[in-house]
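Hello,

Here is the structure I promised to pass on. My notes follow below it.

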Amino acid sequence: MTMQELRDRVVLVTGAASGIGRQTAFAFAEEGARLELVDLDPRGLEITARLASAFGAKVSTHVADVSEAASMEALAARTPCVDVLVNNAGIGAAGAFLDASLETWRRTLDVNLMGVVHGCRAFVPAMVARRAGGHVVNVASVAGLAAPRAMSVYAASKHAVVGLSESLRAELAPHRIGVSCICPGVIDTPIVEKTRFDGESLGSAVVRDRIERFYRWRRYPPRKVADAIVRAVRRDAGIVPVSPESWAIWIAQRVAPGLVARLGDAEQVFARGVEAAR
């Protein structure tokens, strides 16, 4: 199903208090959609809602935890049936497998993977029952296409989102519900602030500052991801790479399977993609 007309469509966005989620809210607001915005940060939600309302959009905000099934089910019970569900909320995790704690595994999977599962379980049944079609957008990562070193936890969560999205796309097609999986690369967002760092080599404030400066230096704005999300909904796109490094890895994996491994690892292709974008 393609959804060319977005005016008055009900669009629910998780992780809407900042970054990609906030910009996605703006992008749909510009299209005249009705917004249901979700996050754990009420202040950030308030800011997003106020700015989105400036586009003339009708906006409702909801404080809910995507990692809790009950929280998302309660949210679904108090919101209208959605036309577009954007499962965007996520956190980062970095560190070698041998350094990663079980708590890091649990929290990352609870938010990045189960957050998508809970969103789909809470809202997709009503979309199917309504028989009017719709669209689901799951935000994964370039790490869901190829796994960089020292990111086993994060890559596992995002690979799972890619696999879930591909399976769900086939399953929901007969109901005229499209499913898109968005795979950004290095985007200038506050994600580093929400990243769990395990291991002495990554745990210092100096390393965190260096990573944050790299993301700012990259200057690839979250609005480009938001625009890619709107296009994906309109075109019923499946897997959607966004940044140059994400496209480089996706093409390499499709055209020459094993190429990433022969080049060393995903970090090398990732670095080449970033360099090409400079």
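Rings of Phe, Tyr and Trp (its six-membered ring) pair if their centres lie within 6.5 Å; planes under 30 degrees apart count as stacked, over 60 as edge-to-face and the rest as tilted. By this rule there are two aromatic pairs. Phe 26 and Phe 55 make a tilted pair, at 6.0 Å centre to centre and 50° between the planes. Phe 26 sits in helix 1 (residues 19-30) and Phe 55 in the loop between helix 2 (42-53) and strand 3 (59-63), so the pair ties together parts that are 29 residues apart in sequence. Helices (H or I, at least four residues) and strands (E, at least two) are DSSP runs, numbered from the N terminus. Phe 26 is buried at 8% relative accessibility; Phe 55 is partly exposed at 41%. Buried means under 20% relative accessible area, exposed over 50%, partly exposed in between (1.4 Å probe, protein chains only). The ring centres of Phe 97 and Trp 105 are 6.2 Å apart with planes at 75°, so this pair is edge-to-face. Phe 97 is exposed, at 54%.

A word on the source. This is a predicted model: local features need pLDDT of at least 70, side-chain atom pairs count only at pLDDT 80 or more, and totals for chains, interfaces and linings use all residues. Residues are numbered from 1 along each chain as its sequence is written, and side-chain values use heavy atoms, without hydrogens and water.

Now the strands. Strand 4 (residues 84-87) pairs in the parallel sense with strand 1 (residues 10-14) over three bridges. Two strands pair if DSSP finds at least two bridges between them. Leu 85 is the bridge partner of Leu 12.

Best wishes
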